[in-house]
Each structure stands twice: as C-alpha cells, then as structure tokens.
Amino acid sequence: MESNDMIKIQNLSVKFDENVVFDNFSVTFPKNKITCVLGPSGSGKTTLLKALAGLIPCGEFLPPKAAFVFQDHRLLPYLTALDNLAIVLDGKKEERRERAKRALTDMELSEAADLYPPQLSGGMAQRVAIARGLLFDADLLLMDEPFKGLDLALQERLIKYFVKYWQNSRRTTVFVTHSILEAILVADKIIVLDKAEQGAAIIYEKDFTLPREERALGVLEVDALRKELHDLLVTL
Amino acid sequence: MNKKRVIENVAAPLVGVVLFIAIWYIVAAAIGIKIILPSPTDTIKGFFSLLGEKLFYVSVGRTLLRTLIGFLIAFALACLFAYLAHIVPFFKKVFAPFAVMMRVMPTISVILLVLIWFSHAAAPYVITFFVIFPMLYTTVSNAVDNVDPSLLEMTKAFRFSTKKRFFSFYLPSMLPALLTGASITLSFSVKLTVAAEVIAYTEESIGRSMQEASMYMQTDIVLAWTLAAILLGFLLEGSLLLIRKAIMRHYYGE
C-alpha cells in the first residue's frame, strides 16, 4: 500500500444502500505532508476519512492505524483533559500520563490538565482533541473540519497552534475542510472531490509549496490559488 | 449547611414524620382497639421485644440475604442479556416478546406458578428474580442503546480494545442509569421477597414471622416486623446511595 514517500489508497469502495459513494477509488497522500480535501457537501469528504479510519466497511481496503480529529471534540466527559489524552496511549499508566502531560504542555494547555471537558471552553476542548490526535501513535492523522463552528479569531489561532505542533511530528495528514482559506494556510497539497454517478472522483489536484510562514492574504500566489479554487468550487 | 438547607433537608422531613406519628396516635386512640390499630408506642414496644429474640436477627438476616441474592442474579443476567441484545440485534428481536411478557405478567401469577413449580425455600429468590429481571433488563438495555454514538465512534477510531471500551466508555456512560435503576429495584426487591415469604411460608423470614403474628392477631408485632422491613429497605437504599456517590465521584468527579 505504501511507497517510500506516498501513502497510497487503492480500491476503496463504499456503498450506503443504493448510494455509491466510492467505487474502486484511489488516491495518494504524500508522506509527512498535509493534504487538504475540499469539495461540495455530499461529495464524500467525511466518508473518505471514516473509510480511512476503518469506521465504515469499505470492500477489500485495509484501513491503516489512524488518529482522528473530529468536527466536535469528542472527549470523554468523565475524564480530565489529561486522562482523555492518556487513554489513547498504550503502556504503563505513569508513562502514559507523563506523555499526555507533555503533549498538553506543548499545546500550551497545562492549565487544562485537571479540568473536565464540560469545564473547558469550546476552543480549549478542540485544542485538547487536536493534542489527542497528534499524540496517538499512528502513521496517519485524519482531520474532519476541526475548526468548524468556532469564531474566526479562534479559528486562526487554532490553525497556528495546529501547524506549529504538527511540525514537531510531521505526520501524514488528511485534512477535510470547507474553507478555501484554511486549506491554503495549512496544505502542502490540495485536492478537490466531486460526486459523480459512479462514486466520488478527484477533479483537481495541486501541490502548494509556498512556505507556510509566507502565506497570507495579499500574497500573489495565495490570492491566485484562492481565486482558482473559488472559481472551481462555485461551479460544483 | 446554611439555614435554608437545614430547613429543607432536615426540618421539613422531620415535620412530616412528627405529623404522621401524631395522626397515628389520634386515630389509634379514637379506635381504641389494640388489635385493629396499635398506637406507635405499642408498635415500638413490640419492635424492642423483637430485638431481644434471636429469631429476629436470623429472620432479618435471611430475608436480607434472599433479597440480595435474587436481586444480584437478576442484575447480572439483565446486564448480560442487555449487552447480548446490544451486540446481536437478532437476539434482541427474539428476546423481545419474553421481556414484554415477563414485564406485564401479574406478580401474583408469578408467585402462584413459582409455588407450584419450585420448592417453598426457593420461591422468594425465584419470585424476586422474575419480577425484577424484566425491569432491570429494560433499564440496562436502554442505557446500553443510549450511549453516545459519536463517542463510541471515537473509541473505534482510537482503536480501544474491547476491555478498554467497556471499562472506559460503556460502563461510565451507563453508570448513572444503572445505579438509578438499581436503587429503585433494590428496595422493591425487599417488598417482593417479604411478600413471597408470606405466601411461601418460608422458614426463618420476616414474611413468615409477620404471617404468624397476623394469625395470632398480634397487630403490634405485624407492625413491628413491618418497621423492620422498612428499616431494611432504608439500609439497602442508603448503602446503594453511598456506593453511587463513591462511584460517581470516581468517574465523574462529582
């Protein structure tokens, strides 16, 4: 399934009753890079992530071990932030808690360690969920619109946090989003999915190599890519 | 505790108890016949006379044991069946008519049939089990089926082992409903066990002692045994409340 610098997904087939979402679908994700998946609602973006995580049956495809950051934080309400991280790890309790503690410190979340999810603000809880995704021992990180529904300032802050701490591990990441700007800020590669009769298809694929710290509105390449994606997505 | 809470939690229930005893005194005095309605003093005297007898402790202990055994078997099997029904939907469909039948069957039919089919010694366990099991099965079943599906999906995404998924997700998710169900059915089990003991005339039991006192028209003693059964129910419900508190503190930090 894997070549040296690519994670290759082949023969992915997903059907809900009569509705074919994927039929022998293939896609490659560059290793240690972030691939952003854009596309209209119903084009199969979330289904792709769930299939990759093995959460839905999908033919002969063998899902790799993957960490998942959901749209909502999905933290266990009766565990502290620290224990929510420690629980996804294997090994001795003390070691797991130690690693979890370090992950929270990295995310500047030390003060949240002993708090329970209902005591956390929305942004904090989502940061804990991102920390959990980054901490879990897996080759693949899947993110499903992790910043959706948060206010703009918080979104921007979280994207910065995410990119900063992602750089420590550089884990192969598939990042589903509706936001063109979000994709441009985080992606090494952008693909656009669209729904077709015989299942979803990739209708656009582009590597984006501009260093992340140079990406901002007003930068020529950013504005050009933004317009290109906008013009493509409004037609779908 | 502040003043308002003292009034609400201590004083108000105390007023209720005093009022109840006062009405009891008045009605007993108005009737004036001890074998129809003994006064609270007679009942308490009767209760203290029971405390001096060895049979009292043996009977209460045995009744407690029967209640707990019947309840625990029902609870364990309800958990097992509800979990099976959750993971094997076909089993749930097959079992559904039995669950409904057991739930709506008149308690007295259960008692009479059990007396025909089982020994009198076994009757209290079996009766308690048959009545409690469908109630607990429904409670546990609802609790298992109502776990948060998005959190369940998270446990699958992060590859929780079956053991970890059970102890870190299913159990704590279900605990509030399970413990509430248990505390309601446990005190109900005391009532059922005593009723079954009366009808099955079970040796060394609260039920049989009540039955005997009633045959000799010792109403004060019947009431004294009733008081013992009530205290037993309180004791069980109180213990479960403490266990519930400890468990909830462990899982929910409340």
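Which residue in S8(A) is the bridge partner of A:Ile191? The legends below refer to a predicted model, and the first of them gives the answer.

**View 1. The pairing of strands S7 and S8 in chain A.** Strand S7 covers residues 189-194 of chain A, and strand S8 covers residues 201-207 of chain A. The two strands run in the antiparallel sense and are joined over six bridges. In one of these pairings, A:Ile191 has A:Glu205 in S8(A) as its bridge partner.

**View 2. The open sheet of chain A.** The sheet has six strands, and their order across it is S4-S5-S6-S3-S7-S8. The pairing within the sheet is mixed. Strands of a sheet pair through backbone hydrogen bonds, and the pairing may be parallel or antiparallel. The edges are formed by strand S4 (66-69) and strand S8 (201-207) of chain A, each of which pairs on one side only. On average, neighbouring strands of this sheet are turned by 20° against each other, with direction ignored.

**View 3. The contact between chain A and chain B.** Chain A gives 13 residues to the contact, and chain B gives 14 residues. On the side of chain A that touches chain B, ten residues are nonpolar, three are charged and none is polar.

**View 4. The packing of helices H3 and H8 in chain B.** Two packed helices are described by the angle between their axes and the distance between the axes. Helix H3 (residues 54-87) and helix H8 (residues 162-200) of chain B pack at an angle of about 125°, and their axes are 9 Å apart. Because of this angle, H3(B) is oblique to H8(B). The crossing of the two helices is right-handed.

**View 5. The residues where H3(B) meets H8(B).** From H3(B), the residues in the contact are B:Thr63, B:Arg66, B:Thr67, B:Gly70, B:Phe71 and B:Phe75. The residues they meet in H8(B) include B:Ala182, B:Leu186, B:Val190 and B:Glu197. Sorted by class, the contact of H3(B) with H8(B) has six nonpolar, six polar and two charged residues.

**View 6. The two domains of chain B.** The domain assignment places residues 1-32 of chain B in domain 1 and residues 36-252 in domain 2. Taken over C-alpha atoms, the centres of the two domains are separated by 29 Å. Where the domains touch, six residues of domain 1 of chain B are in contact with five residues of domain 2 of chain B. On the domain 1 side of this contact, six residues are nonpolar, with no polar and no charged residues.

Methods:
Residues are numbered from 1 along each chain as its sequence is written. Chains are lettered from A and ligands numbered from 1 in the order in which they are written. This is a predicted model: local features need pLDDT of at least 70, side-chain atom pairs count only at pLDDT 80 or more; totals for chains, interfaces and linings use all residues. Domain bounds come from an automatic or database domain assignment. Two residues are in contact if their C-beta atoms, placed from the backbone, lie within 7 Å. Ala, Val, Leu, Ile, Met, Phe, Trp, Tyr, Cys and Pro count as nonpolar, Asp, Glu, Lys and Arg as charged, and the others, Gly among them, as polar. Axes are lines fitted to C-alpha atoms, for helices over the stretch in contact, and angles run from 0 to 180 degrees between N-to-C directions. Helices (H or I, at least four residues) and strands (E, at least two) are DSSP runs, numbered from the N terminus. Angles under 35 degrees count as roughly parallel, over 145 as roughly antiparallel, 65 to 115 as roughly perpendicular and the rest as oblique. A crossing is left-handed if the near helix is turned anticlockwise from the far one by less than a right angle, and right-handed if clockwise. Two strands pair if DSSP finds at least two bridges between them.
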